[in-house]
Protein chains: 2
Amino acid sequence: MASITEENYLKALFNLSNNQGEASISDLANQLGVSMPTANSMVKTLQKQGLCKYEKYKPVILTEQGKKAAALIIRKHRLTEMFLVNKMGFGWEEVHEIAEQVEHIHAPKFFERMDEMMGFPTVDPHGSPIPDKQGRIQELHLKSLSEAVPGQEAVIAALSDSSAEFLAYLNSRQLSLGTELKILSKESFDQSMTVAYGEKERESLSQKVCEKLLIRIFD
Amino acid sequence: MASITEENYLKALFNLSNNQGEASISDLANQLGVSMPTANSMVKTLQKQGLCKYEKYKPVILTEQGKKAAALIIRKHRLTEMFLVNKMGFGWEEVHEIAEQVEHIHAPKFFERMDEMMGFPTVDPHGSPIPDKQGRIQELHLKSLSEAVPGQEAVIAALSDSSAEFLAYLNSRQLSLGTELKILSKESFDQSMTVAYGEKERESLSQKVCEKLLIRIFD
DNA sequence: ATATTTTGTTAGATTATTCTAACAAATTTG
DNA sequence: CAAATTTGTTAGAATAATCTAACAAAATAT
């Protein structure tokens, strides 16, 4: 039912409201690269369909129906990304743009078949959870590397930034999901961390990078 | 550049003008399920982009540029159909609807990767030729089964109708591409033919069916 | 608490794609 | 060939998604 445009608004609202549960018109407009009046009028349209709650000058809140619709689009996006990497040999930095288009395809069997072929994965190539068929998302309470302390060991489980630039940076440092890190030290003046992994005995990672690496710490 | 709507008009024009090299406004409108004024105005839009030639009350003719654009969309459609059947386990009767959506994706690498994974197929699951990257189509001068005569042997190479209904009919008779047929007889009053293939010693095929089966006759 | 800035809204216009109604040209038929 | 039918066109309107300009409310900063 929802047009591609509407689907993109739902996805943006879902992503923006991950923390607060709500999103402002200006954030929404920014996220989608449209003007505020455009975002404003589309929000009214979505509200009429029961997908979000909206009152003048108040933030936008997705309804349960809206959240589910958004999660199901994200499910298609993440399944597609995983399929492109696992079954078609793409790099994790190449798949977002393609998945951005494939996610709007209406063909349940297509995505079910992908899911099956991959053995029902629970996360995408960047470690983000894949919502289930009911639109439920399994939260992965992960910490960021910046929260770890020297002496700890951890494995990279996900990323909080999956931009092609950041992924290219990680590629250049041989960092990927599953990489095991030993935290050697942390500089107090710039929060940068020195870590060891694979062949690398001492690598320095800036605060920005550490914040974006989501880890599971070994007990 | 072209919108999905424009791409669908190009494809329809290409298919309609396979024989004559031209298509009428009413055929175009019919094919796409839109009104004649709608088709008329879109044709004017395509003409402004140099994709077709059009004069009032005359049939529409695709330009070389228009033909190439259409062929490249058809290339994506047919590669997708083949991928769905060969790599994802779909039946040949299930793939048209999905390919109809996937063909509009702008991601050259995605389709090149499919092509590579399949070993550069030249025909789709219904035997229709896949245009090359330059939009050139290799014509497969095939005959229809109705042109064959008793005593001849032939193999089914393609179909001139790939509707889900016809494909379901063929499935129910165990007929598929590659099936080898022996023509036993032909009824002169209704043009139906009796053939043998696989386990079947005598199967009768109506004229309608014979016309839709494209064959290569054994020398 | 007033002034300034940011955020949000309304109004009005634009482009793409579609429609119906009315009319006109072309084709087919008797 | 004239009448009837089919095909095609024009005009005018509707919906979706977008914009800019102008104004209004809310938030922030002096």
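1. Two residues are taken to be in contact when heavy atoms of theirs lie within 4.5 Å. On that basis, of the contacts in chain A with a separation of 6 or more, 59% are between residues 24 or more positions apart. The model is a predicted one, and every value in this note is to be read with that in mind.

2. Overall make-up. Chain A has 219 residues, 44% of them buried. Its secondary structure consists of 8 helices and 8 strands. The C-alpha trace of chain A extends over about 55 × 45 × 30 Å along its principal axes.

3. Surface and charge. Among the side chains of chain A, 25 are positive and 30 are negative. The centres of these two sets are 6 Å apart.

4. Domains. Chain A is split into domain 1, covering 4-62, and domain 2, covering 143-217. Between the C-alpha centres of domain 1 of chain A and domain 2 of chain A there is a distance of 34 Å.

5. Aromatic pairs. Over all chains, the search of the whole structure gives 5 aromatic pairs. One of them is formed by A:Phe83 and B:Phe83, and it counts as edge-to-face because the planes stand at 85°, with the ring centres 6.4 Å apart. A:Phe83 belongs to helix H4 (residues 64-86) of chain A and B:Phe83 to helix H4 (residues 64-86) of chain B, so this pair joins two chains. Are the two residues buried or exposed? A:Phe83 is buried, at 3% relative accessibility, and B:Phe83 is buried as well, at 4%.

6. A pair within one helix. The rings of A:Phe166 and A:Tyr169 are stacked, because their planes are at 10°, and their centres are 6.3 Å apart. Both residues sit in helix H7 (residues 164-172) of chain A, 3 residues apart, which is about one turn of the helix. A:Phe166 is buried, with a relative accessibility of 6%, whereas A:Tyr169 is partly exposed at 21%. The cut-off for buried is under 20%, so the value of 21% places A:Tyr169 in the partly exposed class.

7. A:Ser17. This residue is in the loop between helix H1 (4-16) and helix H2 (25-32) of chain A. A:Ser17 has a relative accessible area of 13% and is therefore buried. Which residues does A:Ser17 contact, leaving aside its neighbours within four places in sequence? They are A:Glu22, A:Ala23 and A:Leu62.

8. Positive phi values. Most residues other than glycine have a negative phi. A:Tyr57 has a positive phi, near 65°, and is located in the loop between strand S1 (52-53) and strand S2 (61-62) of chain A. With a relative accessible area of 83%, A:Tyr57 is exposed. A:Gln191 also has a positive phi, near 60°. The loop that holds A:Gln191 runs between strand S5 (180-186) and strand S6 (193-197) of chain A. A:Gln191 is partly exposed, its relative accessible area being 28%. A check of the backbone at A:Tyr57 and at A:Gln191 could start from these values.

9. A:Glu203. Strand S7 (residues 200-205) of chain A includes A:Glu203. Its relative accessibility is 16%, so A:Glu203 counts as buried. Not counting residues up to four places away in sequence, A:Glu203 touches A:Arg173, A:Met193, A:Thr194, A:Val195 and A:Tyr197.

How values were computed. Residues are numbered from 1 along each chain as its sequence is written. Chains are lettered from A and ligands numbered from 1 in the order in which they are written. This is a predicted model: local features need pLDDT of at least 70, side-chain atom pairs count only at pLDDT 80 or more; totals for chains, interfaces and linings use all residues. Side-chain values use heavy atoms; hydrogens and water are left out. Helices (H or I, at least four residues) and strands (E, at least two) are DSSP runs, numbered from the N terminus. Buried means under 20% relative accessible area, exposed over 50%, partly exposed in between (1.4 Å probe, protein chains only). Lys and Arg count as positive and Asp and Glu as negative; His and the chain ends are not counted. The place of a charge is taken as NZ of Lys, CZ of Arg, CG of Asp or CD of Glu. Domain bounds come from an automatic or database domain assignment. Rings of Phe, Tyr and Trp (its six-membered ring) pair if their centres lie within 6.5 Å; planes under 30 degrees apart count as stacked, over 60 as edge-to-face and the rest as tilted.
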